[in-house]
Each structure stands twice: as C-alpha cells, then as structure tokens.
Amino acid sequence: MFLTMNSSQRFMEQGYWVVPNVLDPIIDLQPLKDDYAHLLEQVAERAFQAGIIPDRFAEFPFETRMGKLLSTAQTNLFKAFDICLPNEPLTEDSPLHLSEAIFNLLRNPRILDAVEQLIGGEIYSNPIQHVRIKPPQAVLSTNRLTSTLVRTTGWHQDQGVSREVADQTEMITVWVAITDATLENGCLQVIPYSHREGMSVHCPSDEMTIPPHLLNGEPLPVPLKAGDALILHRLTKHASLPNISSGIRWSFDLRYQPIGQPTGRDELPGFVARSRNNPAQELHDYAEWVARWQAAKARLVAQSFREKTHRWNSDAPACA
Ligand SMILES: O=C(O)CCC(=O)C(=O)O
Ligand SMILES: [Fe+2]
C-alpha cells in the first residue's frame, strides 16, 4: 500500500519520514562544522581563562575536543552552543549562537522542499530549535548535567513540550544528523503511528516525559547518515537512545509550521522561511534575523518572570 502513497500521505499515516541526503557534505555540513570549530575554540578559551576547565584540549581533533569540553566541565558549557534561548531567567551574558551558518541551515532550500511537501509552500520557521551535541554517556555520568541537549532524551511528543495555544498548529520537527546517528551513539527512536493516539500526559522531572504505562507500540530506532533528516509529526512519540559509543552524536532539531499559526513561543522570534504566495515576506537578511533574536533576548533579560513552556504538573494522577 505504501508504494502508492506519496511522502506526505505516508507521513500522515506513519507519523514520521526519513529524508536521505538533505544536507550536502560540502555545501551544507562543512560550513556548520567550520562554524562550530570556531565556536568551540572561543568557548574553550573563555572557559579556560575563567578557570572552568583545566585544559583547552587544543591538541585534540574537533569531536574529541568537543566531547572533552562538554563532559569535563561541571557546568552548563553546552549552552554556549545552542541556537535557542533557554526558558530560564536570562542575563546579558546568557549565550545564544546566531551564526550565518545557522541562519542558512534554517533556510536550507532542500529542507524547505521537504517541509513544503508536508505543510505546503507558506512556511514559517518556528523558534523552537536546538543543537544537541552528545558526548559518550560514560564520561557524562561523572557530572551532574541533566539537559537533553547533552544526555539521552526520554519519550515525549513535541506538541507536549509546547504550550496549549499551539495545539492546533501544524508544526513539524526536522531533525538533521550532522554526524552519523547510530544505534551506538544515540540515534532517535520513534513509535510509528503513535501520533494517531492524540496527546499523552507528560510528567515533568529533569525533562518532560510520557510515563511508560502510557506508551503503546514498538519503538523503531532510526539510524541516519550525516546529512539525512528525520521529520516528525508533532504528536509522534519519540526518544533518543543513549550514546554508548566513544564519539559524539551531533544533530540539529528545527521546527516549521504554516505562516500565521501560533508558535507556542510568543516571546521568541520566528520568520517566514518560504512563501510561494508572497516571496517578498521571506526573510533573507541575516542581520535582521540576529537583530530579532537580540531584541527578544533584551526583553527577556529585563523581565524576571518566564511563562512555562509546557502545561504539565508533576502531581497529575498518571505521574504518581
Ligand atoms: O536529539 C534528541 O535527543 C532529541 C530530539 C528531539 O526530541 C526533537 O528533535 O524533538
Ligand atoms: Fe522531541
């Protein structure tokens, strides 16, 4: 039956879509690798100067160096690499990585072509977006880091980690592998068809997870080659495997939705990535994108209150 379905029908049926070779190794991946090598250099130097790490690890190749930096420091150094503002009180020093390579990734025509097949040609870049660089679990176990940006991610639905206002938004998640994502280094796993069960209760702890007794169906690990993408429906249940390899697992997760629907993150800036109807409203200007994020950050620095990014309470009966 699936042979006669197009990708959009298959996605709606199964709740996920693997798109091979979305990112080109030279044109797309190399600029991101260069960008992060440069950023790593800066972060390592600053952390060393501040006495946060005992060594710059400058003699190691990128992946080893990144793994050492992220797992050696007993601090939240990983935040320096992320491409979104965390939902916590911010200061002017709170890091946010806004390089041109990231802007180009968000606007990547091959990503947008895939997105267009699923939600049409009026595409908004939703600001829920992250980099995840996960060092081997064995080295992380010696420190206190709990963030899913560096550790295994538990079972959840992306709509469940957004606000209710965006429940009707046709948001999709595009998860792109920068390194190969393997069974050993912590690729994602999905439960096919689980998006048809609607929204599950999520229980807050270090992260938001669906309690095991509410998970039905067989998890399917989805290993990817560097440059491949996994696209998820907002209700598809997914998690990551632990990184039991000796290298890092590096991915970006980006989100897109039709223009004009709530993003669930009113306080953060999105932009029109593609508009077939009115191309003039597309954002092509890198400086303008940076300015929008900086303005959002300044507003958030000035306010101490941050509205929760999800709707769940740990005292829900299902969480007992
Ligand atoms: O990469 C991960 O470990 C989790 C990613 C995820 O949950 C997402 O992209 O929505
Ligand atoms: Fe997710």
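Guide: Let's start with what pairing means: two strands pair if DSSP finds at least two bridges between them. Strands themselves are DSSP runs (E, at least two residues), numbered from the N terminus. This is a predicted model, where local features need pLDDT of at least 70, side-chain atom pairs count only at pLDDT 80 or more, and totals for chains, interfaces and linings use all residues. Residues are numbered from 1 along each chain as its sequence is written, chains are lettered from A and ligands numbered from 1 in the order written, and side-chain values use heavy atoms, leaving out hydrogens and water.

Visitor: How many bridges join S3 to strand S10?

Guide: Strands of a sheet pair through backbone hydrogen bonds, either parallel or antiparallel. Here, six bridges join S3 to S10 (residues 249-258), and the two run antiparallel. Look for valine 174, which sits opposite leucine 254 in S10.

Visitor: Which residue of S8 does valine 174 stand opposite?

Guide: That's isoleucine 231. S3 and S8 (residues 229-233) are antiparallel too, with five bridges.

Visitor: Is strand S3 buried or exposed?

Guide: Buried means under 20% relative accessible area, exposed over 50%, and partly exposed in between (1.4 Å probe, protein chains only). Six of the six residues of S3 (172-177) are buried, so the strand is largely enclosed by the rest of the structure. Ile172, Val174 and Val176 are buried on one side, and Thr173, Trp175 and Ala177 on the other.

Visitor: What is the order of the open sheet of three strands?

Guide: S7-S4-S9, with antiparallel pairing. Strands S7 (220-222) and S9 (238-240) are at the edges with a single partner strand each, so one side of each has no neighbour in the sheet. S4 (residues 188-190) and S9 pair over three bridges, with leucine 188 opposite serine 240.

Definitions and conventions
Helices (H or I, at least four residues) and strands (E, at least two) are DSSP runs, numbered from the N terminus.
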